[in-house]
Amino acid sequence: MIGLRKPLACQELVEIVTAYLDGAMSRRDRKRFEAHISGCDNCTTYVEQMRQTIAATGSVAEETIDPAARDELLEVFRNWKTAR
């Protein structure tokens, strides 16, 4: 995933927070992530907000999403890096 041993930057954390919360990181990347949040109050708050959002919204079954809304969300996710 990340593969480098340098400290994790805040922007990188934002990009990989779902992998962290899903438990989908290598042990090395998880350690880098946790080292960053242990010293960054803003990112610690962000991770907690993500946890609360996930808990509040629960899981959404794909078949319950309006097809137009689904297509729009997928388009946004596909293009989010180029839109910055």
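Author: What follows sets values against definitions.

Author: This is a predicted model, where local features need pLDDT of at least 70, side-chain atom pairs count only at pLDDT 80 or more, and totals for chains, interfaces and linings use all residues. Residues are numbered from 1 along each chain as its sequence is written, and side-chain values use heavy atoms, with hydrogens and water left out.

Reader: How do you know that cysteine 10 is in no disulfide?

Author: A disulfide is a pair of cysteine sulfur atoms within 2.5 Å. The nearest cysteine sulfur to that of cysteine 10 belongs to cysteine 43, 3.6 Å away.

Reader: What about cysteine 40?

Author: For cysteine 40, the nearest cysteine sulfur is that of cysteine 43, at 3.7 Å. Cysteine 40 is in no disulfide either. The count is zero disulfides.

Reader: Why is cysteine 40 called buried?

Author: Buried means under 20% relative accessible area, exposed over 50%, and partly exposed in between (1.4 Å probe, protein chains only). Cysteine 40 has 13%, so the label is buried. Cysteine 10 has 37%, so the label is partly exposed.

Reader: What makes the largest nonpolar core a core?

Author: A nonpolar core is a set of buried Ala, Val, Leu, Ile, Met, Phe, Trp, Tyr and Cys residues joined through side-chain atoms within 4.5 Å. The largest one has 12 residues, including Leu8, Phe33, Cys40 and Val47.
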